[in-house]
Amino acid sequence: MTDTKENLTQLREKYLASGFASARPCYVKKAQGALVWDMDDNEYIDFAGGIAVMNVGHSHPEIVSAVKNQAENFMHTCFMVLPYDSTIELAKKLCTSVPGNTPKKAMFANSGAEAVENAIKIARYYTKRTGIIAFEGGFHGRTLLGMSLTSKAKPYKLGFGPFAPETYRIPYAYCYRCPFGKEYPSCDVKCADHLEDFLISHTAPETTAAFIAEPIPGEGGYMVPPPEYFPKLKAICEKYGILFIADEIQTGMGRTGSLFAMEHWGVEADITTTAKSLAAGMPLSAVVGKAEIMDSVHPGGIGGTYGANPLACKAALAVFDVIEKENLLEKGKALGEKLMSGLKELETKFDIIGDVRGMGPLVGVELVKDRKSKQPAPEATKAITDYCFEHGLLLLSCGTYGNVLRFMMPLVTTDQQMEKGMEILSDAFGAIANK
Ligand SMILES: Cc1ncc(COP(=O)(O)O)c(C=O)c1O
């Protein structure tokens with residue numbers, strides 16, 4: 001890098017749209033495993049993983065070599081014109097990895113939002129119905145349909161309407177702030193039964209094509225539902241012929257300690273979307289669904305110029321290999337346990353921590369002004385992520401109220417990196433508490 005940080009910032013301000021924003025004024029020079037270096041050689045421990053994309057770690061040598069080798073052979077023919085083997089191999093891998101025994105088929109696109117768009121297209125085509133139900137606090141991307149299904153107004157929707165019609169929302173099982181004012185387990189998970197009332201009051205089953213669910217809402221705040229929740233929702237969908245779409249764009253590819261989060265609850269989705277860590281940074285997304293549903297669409301009805309790009313497919317095949325060879329699901333679970341115990345310890349020291357929750361190495365920490373009122377503390381959340389950045393730790397926040405710290409580190413994070421990261425985080429809490 002020959003430019004200076006100041007010069008790049010000036011050029012960025014001049015030539016890049018303000019809406020296309022970055023969290024930090026830090027220009028990356030190199031990233032490896034769970035570490036990132038900026039142009040001034042500052043080193044950061046990465047607890048953000050490019051927003052849950054780098055589960056196998058930055059620039060893993062096997063992914064790099066798969067992409068390099070493919071680039072030397074060919075970079076694009078468009079799978080819709082001239083196909084190649086890696087896409088077929090990857091489809092087989094995905095169809096046999098997504099939970100459930102029903103035979104599956106796949107299609108590929110470039111981004112998570114595109115996978116969501118395609119999943120909805122397919123669901124509508126198959127059911128001949130139009131309505132889509134999503135969660136309050138859900139995030140499904142920035143395209144028209146993606147943001148219509150997303151329920152955080154700022155920054156995702158404000159000023160971008162009108163939104164796509166026939167999208168509806170029910171509350172998620174946000175147990176820390178139960179939307180029904182109940183407590184688990186005495187609640188009997190009534191929040192799931194609510195779907196049935198909703199089908200009477202808002203959108204009749206006869207016109208409802210699909211229910212799209214993030215297993216654990218990413219932008220919404222990393223809430224973990226009670227074990228009965230998804231099996232109950234799925235049963236209601238089945239009863240009314242409504243397709244259940246699991247949006248595993250963020251939770252897939254090992255993020256929760258299993259390859260896909262739905263495995264935790266033994267739920268077979270009708271359609272699953274995945275992206276992010278699928279190809280370790282190469283743009284690739286997939287829609288994997290029951291064969292009968294996927295095959296209902298006529299040839300050419302779904303696809304795109306770059307879907308199933310050969311570099312991205314080779315990278316994704318290498319990701320599957322690395323997860324298996326390096327035992328990353330087990331490593332991820334162990335990482336999650338360490339993280340959880342470190343955070344639980346912080347919870348005993350800092351009253352600002354209202355809730356620590358997670359599944360495997362996907363963990364959220366909700367910050368509140370006080371534990372009784374549970375008033376969200378977004379300013380303190382920002383102060384903590386700022387402190388961490390200034391001291392060499394990349395950490396992002398999420399949550400409807402912007403008050404949840406979210407942990408998405410690569411699964412290859414070493415014990416030493418984890419300890420150092422937790423030390424910085426603990427100091428950040430200490431610095432905030434002393435203000
Ligand atoms: C659950 C979920 N769905 C969809 C998307 C959209 O993915 P992309 O940003 O690749 O379009 C995201 C991205 O954060 C996501 O987490």
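**Exercise 1. Find what share of the chain's contacts between residues at least 6 apart in sequence joins residues at least 24 apart.**

Solution. Start with the contact rule: two residues are in contact if their C-beta atoms, placed from the backbone, lie within 7 Å. Take the contacts between residues at least 6 apart in sequence; 74% of them join residues at least 24 apart. The model is predicted: local features need pLDDT of at least 70, side-chain atom pairs count only at pLDDT 80 or more, and totals for chains, interfaces and linings use all residues. Numbering runs from 1 along each chain as its sequence is written.

**Exercise 2. Check the chain's radius of gyration against the value for a compact globule.**

Solution. The radius is taken over C-alpha atoms, and the globule rule is 2.2 Å times the number of residues to the power 0.38. For 435 residues, the rule gives a value near 22 Å. The chain has 21 Å, which agrees. Next, the extents: the C-alpha trace spans about 60 × 60 × 45 Å along its principal axes.

**Exercise 3. Decide whether E248 is buried or exposed, and list its contacts.**

Solution. Locate E248 first: the loop between β8 (243-247) and β9 (271-274) holds it. Strands here are DSSP runs of E, at least two residues; helices are runs of H or I, at least four; both are numbered from the N terminus. Now apply the burial cut-offs: buried means 20 or more other C-beta atoms within 10 Å of the residue's own, exposed means 12 or fewer, partly exposed lies in between, and C-beta atoms are placed from the backbone. E248 is buried because 31 other C-beta atoms lie within 10 Å. Leave out residues up to four places away in sequence; E248 then touches P215, F260, A261, T272, T273 and T274. Take P215: it is 33 residues from E248 in sequence, yet 6.9 Å away in space, C-alpha to C-alpha.
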